[in-house]
Amino acid sequence: MSHTKSPPFRKPFRPVLFILALMPALAWGEVRLLTGDANNAIHQRGGDMNDLSADGNLVLFTTLPPTTGSAPGITAGGLYLRNISANTLEFVSDTTVPNAGVAGAEMSDDGRYITWASTSSRHIYWRDRTAGITRFVTAGANGTHGYPRMSADGRYVAFDSSSRNLITDTSKLPDTNRGAVYIYDSVANSVSIATLAPNGGRLKGSR
């Protein structure tokens, strides 16, 4: 199945509460358990769907911790990536992340890069699964941050923020008490403001 996205960002994927999912890449009528172990033992808690790869093989989802002890396939609450063909389950929001909880997440087309916002502090994170690196994109920034959207190749992340210190050029900031959209460039490891006036100056009245 081919999949083409309009650059640079995909359309938002609405989270859907689920425990079971029907995958088009599987045989017609087959239902595969995503939040459980290889033997279809069910996890004690439900999950939220975050993103799906173009071929339907990689599923990114968030789940709550088990109610008692450890549950099959899920030992802690957080962000997980299910590889259906390999029958593996990977804990994405690893122990290097200082803020718990996940509020919205997306991945690159190949599943290598993942971005998410935390629920506890509304900060933004970017992870390279191949290199095993997690970056705290909004470290040291004030305000709240959310709704991250990742480009198809995983290089860029767009997100909302009410911060007043994400960028050093304060002349680019919107009116006080108004948020803006920012772009994180993972190659340059830098953040720039996106909501600017046509002349590149401050956008008055930005949401």
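## Close-up views of a predicted model

**View 1. N87 lies in the loop between β6 (78-83) and β7 (88-91).** Strands here are DSSP runs of E with at least two residues, helices are DSSP runs of H or I with at least four residues, and both are numbered from the N terminus. The model is predicted, so that local features need pLDDT of at least 70 and side-chain atom pairs count only at pLDDT 80 or more, whereas totals for chains, interfaces and linings use all residues. Residues are numbered from 1 along each chain as its sequence is written, and side-chain values use heavy atoms, with hydrogens and water left out. N87 is not a glycine, yet its phi is positive, at about 55°. Most residues other than glycine have a negative phi. With a relative accessibility of 40%, N87 counts as partly exposed, given that buried means under 20% relative accessible area, exposed means over 50%, and partly exposed lies in between (1.4 Å probe, protein chains only).

**View 2. Y147 is found in strand β12 (residues 145-150).** Although Y147 is not a glycine, it has a positive phi of about 55°. Its relative accessibility is 57%, and Y147 therefore counts as exposed.

**View 3. Strands β8, β9, β10 and β11 form an open sheet in the order β8-β9-β10-β11.** The pairing in this sheet is antiparallel, where two strands are said to pair if DSSP finds at least two bridges between them. The edge strands, each of which pairs on one side only, are β8 (105-107) and β11 (133-136). From one strand to the next, the twist averages 15°, with axes taken as lines fitted to C-alpha atoms and angles running from 0 to 180 degrees between N-to-C directions. Strands β10 and β11 run antiparallel and are joined by four bridges, and Y125 stands opposite F136 in β11.

**View 4. A further open sheet of four strands has the order β12-β13-β14-β15, with antiparallel pairing.** Here β12 and β15 (190-193) are the edge strands, each pairing on one side only. On average, and with direction ignored, neighbouring strands of this sheet are turned by 25° against each other. Four bridges join β14 to β15, and these two strands run antiparallel, while I183 stands opposite S192 in β15.

**View 5. The largest nonpolar core has 16 residues.** A nonpolar core is a set of buried Ala, Val, Leu, Ile, Met, Phe, Trp, Tyr and Cys residues joined through side-chain atoms within 4.5 Å. The residues with the most contacts inside this core are I124, W126, V137, V157, F159, Y182 and Y184. Two or more residues each are given to it by β9 (113-117), β10 (124-128), β13 (156-161) and β14 (180-185), and the largest share, three residues, comes from β14. Contact means heavy atoms within 4.5 Å, and, not counting residues up to four places away in sequence, Y182 touches several residues, including V157, F159, L166, I167, L173, V191 and I193. A second, separate core of 12 residues includes L58, V102, M107 and I114.

**View 6. The protein chain has zero helices and 15 strands.** Of its 207 residues, 43% count as buried. Among contacts between residues at least 6 apart in sequence, 44% join residues at least 24 apart.
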